[in-house]
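Have the structure open and follow along.

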Amino acid sequence: MTKTLSGKTNSGNFFEDFTVGQTIVHATPRTVSSGDQALYTALYGSRFAVQSATSFARSIGYPQSPVDDMLVFHIVFGKTVADISLNAVANLGYADCRFLKAVYPGDTLSTVSQVIGVKQNSNGKTGVVYVRSTGRNQKDQIVLEYTRWVMVRKRNADSPAPQTIVPDLPDSVDVNTLASACPAIETENFNTALSGSPHLWGDYAVGEKIDHVDGMTVEESDHMLATRLYQNTAKVHFNQHVQEQGPLGRRLIYGGHVISLARALSFNGLGNAFHVTAINGGRHIAPLFAGDTVYTWSQVTDKTAIPERDDIGALRISMIATKNHACTEFPDNKHENTILELDYWIIMPK
Amino acid sequence: MTKTLSGKTNSGNFFEDFTVGQTIVHATPRTVSSGDQALYTALYGSRFAVQSATSFARSIGYPQSPVDDMLVFHIVFGKTVADISLNAVANLGYADCRFLKAVYPGDTLSTVSQVIGVKQNSNGKTGVVYVRSTGRNQKDQIVLEYTRWVMVRKRNADSPAPQTIVPDLPDSVDVNTLASACPAIETENFNTALSGSPHLWGDYAVGEKIDHVDGMTVEESDHMLATRLYQNTAKVHFNQHVQEQGPLGRRLIYGGHVISLARALSFNGLGNAFHVTAINGGRHIAPLFAGDTVYTWSQVTDKTAIPERDDIGALRISMIATKNHACTEFPDNKHENTILELDYWIIMPK
Amino acid sequence: MTKTLSGKTNSGNFFEDFTVGQTIVHATPRTVSSGDQALYTALYGSRFAVQSATSFARSIGYPQSPVDDMLVFHIVFGKTVADISLNAVANLGYADCRFLKAVYPGDTLSTVSQVIGVKQNSNGKTGVVYVRSTGRNQKDQIVLEYTRWVMVRKRNADSPAPQTIVPDLPDSVDVNTLASACPAIETENFNTALSGSPHLWGDYAVGEKIDHVDGMTVEESDHMLATRLYQNTAKVHFNQHVQEQGPLGRRLIYGGHVISLARALSFNGLGNAFHVTAINGGRHIAPLFAGDTVYTWSQVTDKTAIPERDDIGALRISMIATKNHACTEFPDNKHENTILELDYWIIMPK
């Protein structure tokens, strides 16, 4: 048996390949279209009126319906996989994620990452890489930026450990940056019959818990269509032939698919939370597989006015998603059925 | 165990919540795009030339390809579910459904319903609610209206029965209203090689039966993608975790998905029936589940000219859809494999 | 039992129905939209930058992102099924396929075929039909043409055999016609960080083998969504109720779906092969079924400059796709897991 390697395929970066300060320009830029918006609706059933209806968006001050924030996130994130996490053992977390500018159909998104930290693990075989990724539109305006850290395999266990640098990450995104992607909202035109909920920012209290009631079962086709739409190429989502020989035995569902499902389900209780403006942190606690049913519940953990904005306010939401377990009793992040916790800020009209 | 209800989620209306004359404005308005049209093609494989090709549509008098009539129906209908049928036991029927104005990509659809009848059942636990739902575009023009009636649970079996009011419903939509969504057709430009059928209105005879031959198997992903695309949130379509504990054991496929499948299959035999202009009545006779294969056949039950229209005529079609049973022998609505009967009017060029 | 046939359904053409010189205008014309492009991305995860990003396409000389070549092929091909291969026993091969003009969203595609050969088989029950199919846009410009040959059943075994005419087919498409669908490329703007590969035309050598590494598992929903999107109505792809009674027992996946999967996987190693300009020949060696995982590898079999084009060159690629077998060892077309071989030309920047 001979093995001719052309050296032209991407085998991804290993821990040794990352150095603090390094900048990585990711392929492939992607123009977002109304076709992507339609697919996003079909994949999650999202019902937020601003993203669903041009007329509603215009009535409150948007030039047109913006692209769903999480769709923007997934497209920006998807580009980083081939360079950052192709050899990842685990996606450890997100922090300081800011949605800075609205994205509209026709905009083209691209992503650049900077390595901001590295820390070899004590086993010598893996290390943690911290990157700050920045999504930009075709005008080179930043639409999204976030930090994530992943555990990556070393190419060679004998490679020397780099100097440990762990970035200082905020627990919560700064309130002053929360609203830049949201135009001035004409709140008098915000029709709550059409938006599907009478409850505005002032109606929510810190500590309030909301069981979003509904459950959504995921199929293999669903999550693969979604993950390909985002041009995310992580092998574990797509290759049953390899997965069935591994410890899971199945394809692993992209964690972002869980976030979008939970966000769509959260409409039932947070119907006027029309904009995700920041993600303070997130953690995938357990894997989701096809055939599982996702439920979610939210707690309002903070509430803040936004400087110089009388139209809108922000709610900090702690969202828990579970599989095959209704959230009636508000299971915490240690519950055996919990798969996700996400700490994020949403915008609501005042 | 404690149960903190925030009171912000939608638990739907119960029989007691409906009163005759009441108007319900439904969330969420929805802008229809070419992305929705592409998904509709991918979901059903529809081949009607007017909806498929801008050039064909323009050649016969449309400004561009209209959105498929049944896609309009599903979007308008989907909005009513959260308010009308979230606590429904059964969707009993449709009547007097009129497609009044063509919908084009870019149009935004919204729906308002009026309660036109209530009738408590003798068991005291449920009642029938009749609503007249009206879909409008962003110019407030009515594009579609229809009556449907559903059996809804009472919140409290002890609630007093309301006065019975049952609306008078026509057996068939009035012929004079049949063509308002159809522009003047330049029949000399209607290219039957491109449309896929040489048979025009004059070629069909009352009583004629057409077996549409082909069968289409449905998967869980297919019907869930479709039903989410319509923002229809009825729980029975999506939550296997709950369904597997119930009498069906499986997710129930949205009845409208069956209608669209049958309509797409009917192209083979009714290829020039480019416009569904009215639905006289419809009934879901048995449930469809993933893995089942849908077949359909049609009978021409009436044929009419349309006042002041020399370009087009209408055919009244009785369509039967079955599961896992070819329609070679024209099974009737009592056949054990029959799942749908739909009585509707289509438009064909003269 | 009575059987009323209306005679209005399409039962397809049989071998006797084809005569050399005959022209067949196919239904249904189809306007391609950004919705179709989004679906294509979701179905295959394709990452070629020219098709993905308007900004990238414009920077190198396209007016906007062209529609993926294989999506054009599938739409043009899909139209021929109802007339050419509804009664086909087997799809035998493709040859001399040329992509002659770029297709953009908004273009409407239609297809005409000419019968160029017939040859009855010695068993007297079937025959081979050769057609030259031509896809045109709304301006009547040819965007694609190709020859395919299929084995078709005879309606009546007693029909006399026609005179055998077998067309002369080139082994390879003429190099001089290779670039007409590709505008002048501003190679200095071809950003290889964004395109995802540093390797240009000059970097590839004849004989070079590339294992594209990744595998993609196919689900029933995936291939049916795709095949319906192309309005391809071949029964074997859709009807489990019939298929489970036949020798395969399962739905057969459209061969074009395999080609698109392999082409998308080939990005990893051929990332700058932004345009498929010709297919010299192709053969489906074994069927693919849902649940199978597709892998692929390529060999560069020829390399040519293109007359009067300093910007681009062409590579002739022999692509093998397998199921449930990684291509690390470059399995040939006789390997038990090989399902496809495709001999085609791609364009790369110089």
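The contact between chain C and chain A takes 50 residues from chain C and 38 residues from chain A, with contact meaning heavy atoms within 4.5 Å. This is a predicted model, where local features need pLDDT of at least 70 and side-chain atom pairs count only at pLDDT 80 or more, while totals for chains, interfaces and linings use all residues. Residues are numbered from 1 along each chain as its sequence is written, chains are lettered from A in the order in which they are written, and side-chain values use heavy atoms, leaving out hydrogens and water.

Together the two chains bury about 3,400 Å² (accessible area, 1.4 Å probe, lost on being put together and summed over both), and carbon and sulfur atoms give 56% of that. On the chain C side, A42(C), R47(C) and L194(C) lose the most area to chain A, together 16% of what that side buries.

Now for the charges. Four salt bridges cross the interface of chain C and chain A, each a side-chain nitrogen of Lys or Arg within 4 Å of a carboxyl oxygen of Asp or Glu. One of them joins D222(C) to R228(A), at 3.7 Å, N to O.
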